[in-house]
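Dear colleague,

Please find below the structure that I am handing over to you. My notes on what was found in it follow directly after.

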Amino acid sequence: MSRTTATVRPARLAAFAVTVSSALVLAGPGVASAASPTGELASRGCVVFENLTDTVVALEMHDQGSPAIEVGDGATVHDVLTDAEGRSVGSLTGEMSIVFARQSDQHFIGYYREEIQLPGGSVRTAGLVDIAGSTAGVPQTVAAFGTSGRYRGKLGTRTYQLVAPNVYLTNIKVCG
């Protein structure tokens, strides 16, 4: 049975919070609107956001009751996306579940789903992420697909990298 935890086992939860937020966000100092692609990207109808800062503003942990991180643990996160001047340009709501524990190197693999609200519509992301790599600052990439507005029907990726606690550098590119 899963339960919501916010203050039990602070050291474990602090490490897990960094893990979750590193995989569920868009981040980095950046631009307020989508860049105007040129060449092949423009001809493919691409919309590109580069160097957004994603700051985690709410994090709810869901664990299985063990004192250690384990398969089945998860979290829900709410983030604010800002440009280089600190102006809000969007928001993100995401969910993560640990789905696999690789015993050879103690890496946990998490499945992430996100709904990202951007100027002119929304984008969803989904994919598997190496949580240990993510928390170590290794860039991670998940699939992205437009679900409404100017992004509807477009496919691409979101790449993000942890740059500070609860802060990420991210790029989103969808084309179609």
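Is Cys46 buried or exposed? With a relative accessibility of 7%, Cys46 counts as buried; here buried means under 20% relative accessible area, exposed means over 50%, and partly exposed lies in between, with a 1.4 Å probe and protein chains only.

Before going further, please note that this is a predicted model, in which local features need pLDDT of at least 70, side-chain atom pairs count only at pLDDT 80 or more, and totals for chains, interfaces and linings use all residues. Residues are numbered from 1 along each chain as its sequence is written, and side-chain values use heavy atoms, with hydrogens and water left out.

Confidence

The pLDDT is the predictor's confidence in each residue, on a scale from 0 to 100. Its average over the protein is 82, and 76% of the residues score at least 70. Over residues 1-33, however, pLDDT stays under 50. For that stretch the model has 131 contacts beyond four places in sequence, a contact being heavy atoms within 4.5 Å.

The disulfide

A disulfide is a covalent bond between the sulfur atoms of two cysteines. In the search, a disulfide is a pair of cysteine sulfur atoms within 2.5 Å, and one was found in the whole structure. The disulfide is formed by Cys46 and Cys175, whose sulfur atoms are 1.9 Å apart. This pair links distant parts of the chain, 129 residues apart: Cys46 is in the loop between α2 (39-43) and β2 (47-63), while Cys175 is in strand β9 (residues 167-175). Helices (H or I, at least four residues) and strands (E, at least two) are DSSP runs, numbered from the N terminus. The link of Cys46 and Cys175 is right-handed, with 105° about the S-S bond. Cys175 is also buried, at a relative accessible area of 8%.

Lys154 touches Cys175, and its other contacts include Gly45, Val47 and Gly176, leaving aside residues up to four places away in sequence. Lys154 belongs to the loop between β7 (140-149) and β8 (155-164). Its relative accessible area is 11%, so Lys154 is buried. The side chain of Lys154 reaches the backbone oxygen of Gly176 at 3.3 Å. This is a polar contact, that is, a pair of N or O atoms within 3.5 Å; within protein, one must be able to donate a hydrogen and the other to accept it, and residues adjacent in sequence count only if both atoms are side-chain atoms.

Thr53 lies in strand β2 and, at 13% relative accessibility, counts as buried. From Thr53 to Tyr160 there are 107 residues in sequence, but 9.8 Å in space, C-alpha to C-alpha.

Paired strands

Two strands pair if DSSP finds at least two bridges between them. Strand β3 (residues 74-82) and strand β4 (residues 88-102) run antiparallel and are joined by nine bridges. One of the partners is given by Asp79, which is bridged to Leu92 in β4. The hairpin of β3 and β4 has five residues between the strands, and Gly86 in the turn has a positive phi of about 85°.

On to the next pairing: β4 and strand β5 (residues 107-118) are antiparallel over 11 bridges. Here Ala101 stands opposite Phe108 in β5. Four residues lie between the strands of this hairpin, where Gln106 takes a positive phi near 65°.

Salt bridges

A salt bridge is a side-chain nitrogen of Lys or Arg within 4 Å of a carboxyl oxygen of Asp or Glu. The structure holds seven salt bridges, among them the following.

- Asp83 and Arg87 meet through their side chains at 2.7 Å, N to O. Asp83 is buried at 2% relative accessibility, whereas Arg87 is partly exposed at 47%. Together with Glu85, these two residues are linked in a network of salt bridges.
- Asp130 pairs with Arg102, with the closest N and O atoms 3.7 Å apart. Asp130 lies in strand β6 (residues 121-130) and Arg102 in strand β4, so the pair ties together parts that are 28 residues apart in sequence. Arg102 is partly exposed, at 30%.
- Glu115 pairs with Arg124, with the closest N and O atoms 2.6 Å apart. Glu115 is partly exposed at 23%, and Arg124 is partly exposed at 41%.

Yours sincerely
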